[in-house]
Amino acid sequence: EPWSVAVGGHCAKPGRIGFDALFKGLKTEERIYRLRCVEGWSMVIPWIGVPLSELVKRVEPTGNAKFVEFHTLADPK
């Protein structure tokens with residue numbers, strides 16, 4: 001903490017959104033993903049989260065928006 005998400009680019013609501021505010025009012029979903037590789041391994045991954053589309057709708061992308069780009073902190077400490 002304090003985690004937040006910065007939103008910019010072609011959207012009606014740019015800015016920084018706190019982690020709790022970002023997910024407020026969204027319902028979590030549970031999904032099971034089955035991953036299979038051509039090399040022979042497979043995994044079953046349980047996932048709990050919110051659909052990305054719901055988060056994108058909140059920032060109201062304009063007609064000029066063509067993609068979503070993510071950046072994260074890579075800090076080995």
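Helices (H or I, at least four residues) and strands (E, at least two) are DSSP runs, numbered from the N terminus. The model on display is predicted: local features need pLDDT of at least 70, side-chain atom pairs count only at pLDDT 80 or more, and totals for chains, interfaces and linings use all residues. Residues are numbered from 1 along each chain as its sequence is written, and side-chain values use heavy atoms, with hydrogens and water left out.

**The whole chain**

The protein has two helices and four strands, which follow one another from the N terminus as β-β-α-β-β-α. The radius of gyration, taken over C-alpha atoms, is 16 Å, well over the 11 Å that the globule rule (2.2 Å times the number of residues to the power 0.38) gives for 77 residues, so the protein is more spread out than a compact globule. Along the principal axes, the C-alpha trace spans about 45 × 35 × 25 Å.

Of the 77 residues, 12% are buried; buried means under 20% relative accessible area, exposed over 50%, and partly exposed in between (1.4 Å probe, protein chains only).

Contacts are counted where heavy atoms lie within 4.5 Å. Among contacts between residues at least 6 apart in sequence, 37% join residues at least 24 apart.

**The loop between β1 and β2**

Select K13, which lies in the loop between β1 and β2. With 44% relative accessibility, K13 counts as partly exposed. Which residues does K13 touch, not counting residues up to four places away in sequence? They are V7, R58, V59 and E60. For V59, the C-alpha atom is separated from that of K13 by 4.9 Å, although the two residues are 46 apart along the chain.

**The salt bridges**

Now colour the charged side chains. With Lys and Arg counted as positive and Asp and Glu as negative, leaving out His and the chain ends, the protein carries 11 positive and 9 negative charges, whose mean positions are 5 Å apart. Each charge is placed at NZ of Lys, CZ of Arg, CG of Asp or CD of Glu. Side chains of opposite charge can pair when their charged atoms come close. How many salt bridges does the structure hold? There are three, a salt bridge being a side-chain nitrogen of Lys or Arg within 4 Å of a carboxyl oxygen of Asp or Glu.

E60 is partly exposed, at a relative accessible area of 37%.

Move to E29 and R31, whose side chains meet in a salt bridge (2.7 Å, N to O). E29 is partly exposed at 31% relative accessibility, and R31 is partly exposed with a relative accessible area of 32%.

Because E54 and K57 are three residues apart in helix α2, about one helical turn separates them. Is E54 buried or partly exposed? At 30% relative accessibility, E54 counts as partly exposed, whereas K57, at 54%, counts as exposed.
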